[in-house]
Amino acid sequence: MKRTLFFIALVVTVQFSFSQELANYADPSPEELEMKVCSFDKDAGSVMLLNEAFSDYDDEHHLITRHHIRIKILKEKDLNQANVSIPYYRKDDFEIIDDIAGLTINSNGSGDPSRENIDPKTIFKQNTNEQLGEVRFAFPAVKKGSIIEYRYRSTMKHYGGLEDWEFQQEIPVVLSKYKLVITPNTEFTYRITKRDDLQITVKPNSSDGSIYFEMKNIPGLNEEPYMDARNDYVQKVIFQLSGYNSDGTGFGRTKYMNSWDAVTNELINDENFGKQLGKNLSGTDDFIKQTKLLSSDEAKMKAVYDYVARNMNWNGFHSKYSMDGVKQAWSKRTGNKADINLILVNLLKDAELTAYPMLVSERYHGKVNTDYPFIDQFSSIFACVVINGKKYYLDATDKFTPARLTPYEILNTSALLVNRKAGGLINISNDSLQYQEDINVSMEVNEDGTLKGTVTVEGADYARSEKLEDSKEDLGILKKSYADNQPLAVNIGNFEIRNQDKDSLALLENFSFTGTLNSSGGYTFVPLNLFSGFQNNPFVADERFSNVNFGYKKTITVVSNIKLPKNYTVDDVPKRIKVVTPEQDIIFLREIVYNKESSSVDCTLKFEFKKSLYLVDDYPLLKEIYKKIFEYLKEPLLLKKQ
């Protein structure tokens, strides 16, 4: 789907008084009261009739934003919209949420609608983590047809907390509008990302130093299977502080630069980024001496990577800066991603390897628009090591991805290598390593229609790291994944996993299973896609909003041997099938051989995905090829008793 980008700078040097400038509260129109369906998103269970906010500042230059939201409940499945959570930055009291009011409006069919206010006693705060909190409350008397409406005020210590304005929500939005007034002597840049078929109104006002944005009739955007990042597709306006004039003569600091080289220079000179390189980390001298004796640079890289991953604990925060410094993080053995990966770069350099820090935008965070040198497009720091011209990308907070494997979270993304000579923008892809899984199933059908068997799964590369992460806390999670979503109910037993600590070897999983086959009309049905992982088609929606990003190439082979009772015969052997896309980037193969003498059936299923990224325009073809594959996967082996 095409999107439009605008890029403009706002410069304001005059202070203005705060004005509420929001719509009338609790005054829905007759059309809103009687609405049964959203005209531009007919399957929606609820619709945001109004989402508006107005941001200004007070005498102390606090950022003050008043919000006003009105939602119509169209279907009972969306009654949970009445449970509201407002996140805020609680650390050091950076943000305060107050002045909360709301009510439920229900139409009586005639006369004035009924109104019931939320009880202030039901409003409460809770801590999400050491930086974030949330305000929660629920609306009374909510039912299908209700309108819920609420207001609140956010007060932040300064404009550094200015957030993007998202016109698009998970539910459709009839009207979204935002007005922003900038503090004196401050420059902000903004850019708008939107679909070409959606209109936007932008009204700068030089007389009062404000800018107004408005969009109407925006369809909802939910998570889609293999969506690279919802953030990439949300219709929104993005703000970034570009500079400020502290003494009236010029900008004292610039976050927005006119080139990526300027960004690199800014980061190298930043106390919390470039100045953290070259630090001596206590207690590492003996480790570095031993590492330098290793026979290859690859072995040195692996040793340093494993050492940092083993000795540092990630606090869960993605960051581009080491706010307290790498020395303190090392002494505490805990830190954010910037702390840990800057420590990694330091030790890689100490081991005499060519290593650089790099800014990345992880998959959850969204793509980088390389035309705009915005630092805030990135989410974290990773390390890059160059050995014999080959780049390795490392994240020491990821304890399951080996050093030789590019972390899944940055596949198919752009990154900024931060170095004056060797730095610049790079595209991160992986054409050699893939998700490799070989599944061997040995099963026996009993005369009473029960089924028993054993399974061996060998997972290499991304299959290995993905399975390790799934089982990091409890093997039961991995075991349950094999029992769920099978074409028949199975019980898993004797589950074991091997080679967890040998990242050069495939991960081995072994287990047994039992189940009962379905029967009808004298036939017994044996599913041929047990444990393949292809049970539910993810691409059934008629339309799609986002690209399909598998992240990596994938090859899965399932070989099943089915031993039959002597008094059963195969009624009809499913034919050999090969499904291939025009570009041969997706191949599905099914081969079935029936051996009457041994009363057994051998079935091979092979799935090859030679391409990891499909644009949204490719979705119709992808949907069609998946439909064919799953139709063949549903064909069972038909057994008939003699």
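Helices (H or I, at least four residues) and strands (E, at least two) are DSSP runs, numbered from the N terminus. The model is predicted: local features need pLDDT of at least 70, side-chain atom pairs count only at pLDDT 80 or more, and totals for chains, interfaces and linings use all residues. Residues are numbered from 1 along each chain as its sequence is written, and side-chain values use heavy atoms, with hydrogens and water left out.

**View 1. The whole chain.**
The chain holds 9 helices and 37 strands. Its C-alpha atoms fill a box of roughly 90 × 80 × 50 Å, taken along the principal axes. Of its 642 residues, 52% count as buried. Buried means under 20% relative accessible area, exposed over 50%, and partly exposed in between (1.4 Å probe, protein chains only). Contact means heavy atoms within 4.5 Å. Among contacts with a separation of 6 or more, 72% join residues 24 or more positions apart.

**View 2. Leu-49 and its surroundings.**
Leu-49 is found in strand β2, residues 46-57. Leu-49 is buried, with a relative accessible area of 4%. Neighbours within four places in sequence are left aside here. Leu-49 then touches Glu-32, Met-35, Arg-70, Ile-71, Lys-72, Ile-147, Val-174 and Leu-175. Two of these contacts, Glu-32 and Arg-70, also belong to a network of salt bridges with Glu-149. A salt bridge is a side-chain nitrogen of Lys or Arg within 4 Å of a carboxyl oxygen of Asp or Glu.

A disulfide is a pair of cysteine sulfur atoms within 2.5 Å. By this rule, the count is 0 disulfides. Cys-38 is buried, at 2% relative accessible area. Cys-603 is buried as well, at 1% relative accessibility. Cys-38 and Leu-49 are 11 residues apart along the chain. Their C-alpha atoms are separated by 9.7 Å.

**View 3. Helix α4 against helix α6.**
Two packed helices are described by the angle between their axes and the distance between the axes. Helix α4 spans residues 297-311, and helix α6 spans residues 337-350. They pack at an angle of about 145°, with their axes 10 Å apart. Axes are lines fitted to C-alpha atoms, for helices over the stretch in contact, and angles run from 0 to 180 degrees between N-to-C directions. α4 passes α6 in a right-handed crossing. A crossing is left-handed if the near helix is turned anticlockwise from the far one by less than a right angle, and right-handed if clockwise. From α4 come Met-301, Val-304, Tyr-305, Tyr-307 and Val-308. They meet Ile-340, Ile-343, Leu-344, Leu-347 and Leu-348 of α6. The residues of this contact divide into 10 nonpolar, no polar and no charged. Ala, Val, Leu, Ile, Met, Phe, Trp, Tyr, Cys and Pro count as nonpolar, Asp, Glu, Lys and Arg as charged, and the others, Gly among them, as polar.

Side chains of opposite charge can pair when their charged atoms come close. The chain has 25 salt bridges. One of them joins Lys-300 to Asp-297, with the closest N and O atoms 3.8 Å apart. Both residues lie in helix α4, 3 residues apart, about one turn of the helix. Lys-300 is buried, at 12% relative accessible area. Asp-297 is partly exposed, at 32%.

Lys-337 and Asp-395 meet through their side chains in a salt bridge (3.0 Å, N to O). The pair links distant parts of the chain, 58 residues apart. Lys-337 sits in helix α6, and Asp-395 in the loop between β21 (390-394) and β22 (413-417). Lys-337 is buried, with a relative accessible area of 5%. Asp-395 is buried, also with a value of 5%.

**View 4. The pair Arg-576 and Glu-591.**
Arg-576 forms a salt bridge with Glu-591, the closest N and O atoms being 3.0 Å apart. Arg-576 is in the loop between β32 (568-572) and β33 (577-580). Glu-591 is in strand β34, residues 586-595. Arg-576 is exposed, at 52% relative accessible area, while Glu-591 is partly exposed, at 34%.

**View 5. Two loop residues with positive phi.**
Most residues other than glycine have a negative phi. Asp-92 has a positive phi, near 55°. Asp-92 is found in the loop between β4 (83-89) and β5 (95-106), and is exposed, at 58% relative accessible area. Tyr-226 also has a positive phi, near 55°. Tyr-226 lies in the loop between β14 (210-218) and β15 (236-245), and is partly exposed, at 33%.
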